Amino acid sequence: PNMINSAVEASVSFSRLLNFFMIEEQDLDAVSRHISAPEDSSVERITIKNGTFSWDSDGNTVLKKIDLHVRSASLYCVVGTVGTGKSSLLSAVLGDMYKVSGSVTVNGSIAYVPQTAWIINSTVRENILFGKPFNSKFYEATIQACGLTQDLKTLMAGDMTEIGERGINLSGGMFFCCIDY
C-alpha cells in the first residue's frame, strides 16, 4: 500500500512539474517600462490605452477595451465583486497577462502587494475592533461606513461569527493603488 501511495504521489508531482515547465515565457514587451518617472505630477505614471488582455495565448479575452490613466500623487480604488477582473487588471499592468491589443506604459517603478487576507482567527467583531475597546456608537458607524450591515445579516451569528483559518469562510474583492501618495 505504501508503494502504491508513493507511486501516485510521484505521478501527480511529475504532472505538476511538467505543466509548470511547459508554461509559455512571459512577454517582456507587453509593458513599455520607463525607469525614471517624470517630475511633473500631471504626467501619467501608468497608462493602458485600448487594452485587451487574455490569460492564455489562445486569445480568450478577459479584459476588453481597457483605458486607464493613473497620475502621481493620487489614490485610486478598483472595487467590484469576486470575479469581476480587479486582480486581472493589476496583472495586466504588471505584464502577467497576454496583451492581445493596445498598449501598457509604466513610468517609474511600481510595487505589488499581493491580495492576501489579513484576518485573525477570531470573530468578525474582533477583526473589526482589532484589540480596541468596544464602543457601540463608533462600531455601528464603522459598520455603516464600510457597508457591512447587509453582509453581517447573512452570517448566522452576525458579527459574532467565528472566522476560519485565513478567512476561509469569507470572500471579498477590492484592491487599492496608491501612487506617490
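Guide: Apart from its neighbours within four places in sequence, Ile 110 is in contact with Ile 46, Val 93 and Leu 94. The model in view is a predicted one. Ile 110 lies in the loop between S5 and H3. With a relative accessibility of 33%, Ile 110 counts as partly exposed, because that label covers values between 20% and 50%. Along the chain, Ile 110 and Ile 46 are 64 residues apart, and their C-alpha atoms are separated by 9.1 Å.

The sheet comes next. Its four strands follow the order S1-S5-S2-S3; the sheet is open, and the pairing is mixed. Strand S1 (32-34) and S3 stand at the edges; each has a single partner strand, so one side of each is left without a neighbour in the sheet. On average, and with direction ignored, neighbouring strands of this sheet are turned by 5 degrees against each other. In general, the strands of a sheet pair through backbone hydrogen bonds, and the pairing is either parallel or antiparallel. S1 and strand S5 (residues 98-107) are paired in the parallel sense, over three bridges. In this region Ser 32 stands opposite Thr 105 in S5. Helix H2 (residues 86-94) packs on the sheet and touches S1, S2, S3 and S5. The direction of H2 makes about 70 degrees with that of S3.

We may now turn to charged side chains. Side chains of opposite charge can pair when their charged atoms come close. The structure holds two salt bridges. In one of them, the side chains of Arg 71 and Glu 44 meet at 3.8 Å, N to O. This pair links distant parts of the chain, with Arg 71 in strand S3 (residues 61-71) and Glu 44 in strand S2 (residues 44-54), 27 residues apart. Arg 71 has a relative accessibility of 34% and so counts as partly exposed.

The side chains of Asp 159 and Arg 125 also meet in a salt bridge, at 2.9 Å, N to O. Here too distant parts of the chain are linked: Asp 159 is in the loop between helix H5 (149-154) and strand S6 (174-179), Arg 125 is in helix H3 (residues 124-129), and the two are 34 residues apart. Asp 159 is buried, with a relative accessible area of 13%, whereas Arg 125 is partly exposed at 24%.

Arg 125 leads on to the aromatic rings. The charged end of Arg 125 sits over the ring of Phe 134, 4.2 Å from its centre. That charged end also sits over the ring of Tyr 139, 5.2 Å from the centre of that ring.

The count of aromatic pairs comes to two. Phe 20 and Phe 21 form an edge-to-face pair, 5.5 Å centre to centre, with 65 degrees between the planes. Both Phe 20 and Phe 21 are exposed. Phe 134 and Tyr 139 form a tilted pair, 5.1 Å centre to centre, with 55 degrees between the planes. Within this pair, Phe 134 counts as partly exposed, at 41% relative accessibility, whereas Tyr 139 counts as buried, at 3%.

Terms used
Residues numbered from 1 in each chain as written. Predicted model: local features only at pLDDT ≥ 70, side-chain atom pairs only at ≥ 80, totals over all residues. Heavy atoms only, no water. Salt bridge = Lys/Arg side-chain N within 4 Å of Asp/Glu carboxyl O. Buried < 20%, exposed > 50% of the residue type's maximum accessible area, 1.4 Å probe, protein only. Phe/Tyr/Trp six-rings, centres within 6.5 Å; stacked < 30°, edge-to-face > 60°. Lys NZ or Arg CZ within 6 Å of the ring centre and 35° of its normal. Pairing = 2+ DSSP bridges. Axes fitted to C-alpha atoms, helices over the stretch in contact; angles between N-to-C directions. Contact = heavy atoms within 4.5 Å.
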